[in-house]
Amino acid sequence: MLLFIDESGDPGLKIGLGSSKYFIVALVAFDDRDEAQAADDRIALLRKEQGLSENFEFHFSNMRPAHRRLFLSAIASYDFFYFGIVINKAKLTGPGFQFKDSFYKYACGLIFENAKPLLSNATVIVDGSGSRDFRRQLKNYLLRRLKDDYGKCLIKKVKTEDSDRNNLLQLADMVVGSIARFYSGKKDSRDCRDISKHREIYVQFWPK
């Protein structure tokens, strides 16, 4: 099993003064490596179809709405699933959330506990260009705490790769971007998430 993780937003609690309203994490999973490779190849082909350079990175926030929909439509038929966690920072009350490490650890715990029943012998790939603190807390949580009922770790290894060279991390970026857009309240907020809705297992909004 291959898992690809990406996040959107920041852990800051000064909403309205520069901090994001939500902190969102997406977990994109492939049970089958051949299917993951096929999806990877399809994303590479999409660049050629659009006349883009081989080094072009699909990044949700930098793309036009039509191009976002095109990407998600091209990949929607491949056999993957995803989980998401949307942390509603305005409702956080515990003092621990003032500290980045505690915040990131809690976010990791929420999404992986939700996904835990479907995980086995997984390799986790995290975007190396994202938050260093998030990567550290994620790795610590996975290797120390994510175990089955018999005490066996469900994670085989955790790898860091740069998203500009990994098509499936770019897929995770597009998924987390779709979730973030859904909660933005903007006119086209549902468009992208609806395209890949059939791949969604559970997106938790917490706390309500």
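This is a predicted model: local features need pLDDT of at least 70, side-chain atom pairs count only at pLDDT 80 or more; totals for chains, interfaces and linings use all residues.
Residues are numbered from 1 along each chain as its sequence is written, and side-chain values use heavy atoms, with hydrogens and water left out.

View A. Side chains of opposite charge can pair when their charged atoms come close. With a salt bridge taken as a side-chain nitrogen of Lys or Arg within 4 Å of a carboxyl oxygen of Asp or Glu, the count comes to 13 salt bridges. In the pair of D133 and K100 the closest N and O atoms are 2.8 Å apart. This pair links distant parts of the chain, since D133 belongs to helix α4 (residues 132-145) and K100 to helix α3 (residues 100-115), 33 residues apart; helices (H or I, at least four residues) and strands (E, at least two) are DSSP runs numbered from the N terminus. E200 and K197 form a further salt bridge (3.1 Å, N to O), in which E200 counts as buried at 15% relative accessibility, whereas K197 is partly exposed at 39%. Salt bridges that share partners join K100, D133 and R136 into one network.

View B. Rings of Phe, Tyr and Trp (its six-membered ring) pair if their centres lie within 6.5 Å, and planes under 30 degrees apart count as stacked, over 60 as edge-to-face and the rest as tilted. The whole structure holds 16 aromatic pairs. The pair of F56 and F58 is edge-to-face because the ring centres are 5.2 Å apart and the planes stand at 80°; F56 is partly exposed at 30% relative accessibility, whereas F58 is buried at 1%. One aromatic cluster is formed by F23, F97, F103, Y104, Y106 and W206. A charge sits over a ring if NZ of Lys or CZ of Arg is within 6 Å of the ring centre and within 35 degrees of the ring normal: R68 lies over the face of F60 at 4.1 Å from the ring centre, and R193 over that of F182 at 4.3 Å.

View C. D188 is placed in the loop between α5 (167-182) and α6 (191-195) and counts as buried at 16% relative accessibility. Its side chain is joined to that of R181 by a polar contact of 2.9 Å, the term meaning a pair of N or O atoms within 3.5 Å, of which, within protein, one must be able to donate a hydrogen and the other to accept it, and residues adjacent in sequence count only if both atoms are side-chain atoms.

View D. Most residues other than glycine have a negative phi, and most peptide bonds are trans. The peptide bond from W206 to P207 is cis, with omega near -20°, and P207 is placed in the segment after β6. N121 has a positive phi of about 50° although it is not a glycine; N121 lies in the loop between α3 and β4 (122-127) and, at 48% relative accessibility, counts as partly exposed.

Conventions
Buried means under 20% relative accessible area, exposed over 50%, partly exposed in between (1.4 Å probe, protein chains only).
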